[in-house]
Structure formats: C-alpha cells, structure tokens
Amino acid sequence: ITTPRIGDILQKLAPFLKMYGEYVKNFDNAMELVKTWTERSPQFKFIIQDIQKEKVCGNLTLQHHMLEPVQRIPRYEMLLKDYLRKLPQDSLDWKDAEKSLEIISTAASHSNSAIRKMENLKKLLEIYEMLGEEEDIVNPSNELIKEGQILKLAARNTSAQERYLFL
C-alpha cells in the first residue's frame with residue numbers, strides 16, 4: 001500500500017514558480033502591447049477576435065486568459081493551506097507539505113502587489129465588456145476607485161434620474 005503524497009512533488013516543482021514571477025513582472029507590458037497592436041493593426045485585432053470566439057476560449061478575452069497565470073500561485077497557496085488543515089500531523093507528507101507551503105507562500109508574497117494590480121485590471125476588463133467595449137479603459141495606469149448607483153438631477157425640471165457610476 002502506498003500513501004498518496006503531494007508535498008514532496010511540490011517541492012521539486014517549486015523552482016518553476018520563478019517563471020510565474022517573471023510573467024507577473026512583465027504582465028503590464030504584455031497587456032499594453034496587446035492593446036497597442038489591437039489599436040494599430042486591424043489584422044491583429046480580427047485574428048484575436050476570431051480566436052476569442054472559439055468554444056475553447058469559453059467566451060473570455062485574451063486579456064482574461066493572460067490573467068490566469070498571475071492568479072495561479074495564490075491558488076496553490078490556498079489549496080496547500082487547506083490540505084495541511086485536513087492532513088493529520090503525523091502524516092508522512094506533513095513536513096514536505098509544510099515546506100512546500102513555505103516556498104509557495106514566499107513566491108506569493110513577492111507577487112501580491114502585482115496581483116492587486118491584476119485584480120484591478122480584471123475589474124476594468126469586466127467594466128469595459130459591460131459597456132459594450134466602446135471606451136477602452138483597460139490600462140495599467142487606470143484604477144477603479146468606486147462604483148455604484150447615483151441620482152442625476154436634470155437641469156431643466158430637477159427630476160432625478162438613476163445612473164450607475166464608475167469612478
């Protein structure tokens with residue numbers, strides 16, 4: 001009988017987490033390049049749109065798919081914490097899983113500020129898509145400050161009209 005383990009495997013794979021760090025560091029630049037070439041080249045724009053329409057893309061934009069690797073390390077960290085909570089402390093995998101969590105937590109903390117930026121960009125992407133993709137607001141320098149219902153007072157008759165505001 002073999003005892004299933006993951007802690008030792010994750011430790012062996014941990015050095016590859018550095019790739020995610022590099023990816024996160026270059027993410028803003030990559031997003032900007034996609035935006036620039038989408039605006040500059042109609043051919044590039046149409047190719048991207050055609051690919052995004054394919055079933056395998058799950059109705060998500062290229063930018064949404066680009067966000068996935070950024071969110072991977074925090075997911076590993078969360079899953080490992082949950083695994084350790086449920087793993088008996090006398091398990092053969094305990095020490096290896098704990099060491100793996102330590103390595104992954106370090107990698108995650110290095111990219112936390114970048115992840116906050118990515119979450120902001122993801123929210124901007126969602127707003128951009130909600131607004132019918134008319135005004136491109138997806139830019140690393142843009143930040144969503146607040147959103148919500150407001151009342152707009154008409155100048156002529158002072159009637160109130162409900163609006164939804166993104167600041």
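User: Why is E77 called buried?

Analyst: This is a predicted model, and the call rests on a computed area. E77 has 17% relative accessibility. Buried means under 20%. The value falls under that cut-off, so E77 counts as buried.

User: What makes E77 and K81 a salt bridge?

Analyst: Their side chains meet at 3.8 Å, N to O. The cut-off is a Lys or Arg nitrogen within 4 Å of a carboxyl oxygen of Asp or Glu. The pair therefore qualifies.

User: Why are E77 and K81 about one helical turn apart?

Analyst: Both sit in helix α4 (residues 62-86). They are four residues apart there, which means a separation of about one helical turn.

User: Why is K81 called partly exposed?

Analyst: K81 has a relative accessible area of 39%. Partly exposed lies between the buried limit of 20% and the exposed limit of 50%. So K81 is partly exposed.

User: What makes E68 and R75 a salt bridge, and why is each residue called partly exposed?

Analyst: Their side chains meet at 3.2 Å, N to O. That is within the 4 Å cut-off, so the pair counts. E68 has a relative accessible area of 28%. R75 has 36% relative accessibility. Both values fall between 20% and 50%, so both residues are partly exposed.

User: How do you know that D96 and R5 form a salt bridge?

Analyst: The N to O distance is 2.2 Å. The limit is 4 Å, so the pair passes. This pair links distant parts of the chain. D96 lies in helix α5 (residues 94-110), R5 lies in the segment before α1, and 91 residues separate them. R5 is partly exposed, at 29%. The whole structure has eight salt bridges.

User: How do you know that the span of helix α2 agrees with its length?

Analyst: Helix α2 (residues 17-40) has 24 residues. Even so, α2 has a kink of about 50°, centred on F27. F27 is among the buried residues of α2, as are L17 and Y20.

How values were computed
Residues numbered from 1 in each chain as written. Predicted model: local features only at pLDDT ≥ 70, side-chain atom pairs only at ≥ 80, totals over all residues. Heavy atoms only, no water. Helix = DSSP H or I, 4+ residues; strand = E, 2+ residues; numbered from the N terminus. Expected span 1.5 Å × (residues − 1). Bend = angle between axes of the 7 residues up to and from the residue. Buried < 20%, exposed > 50% of the residue type's maximum accessible area, 1.4 Å probe, protein only.
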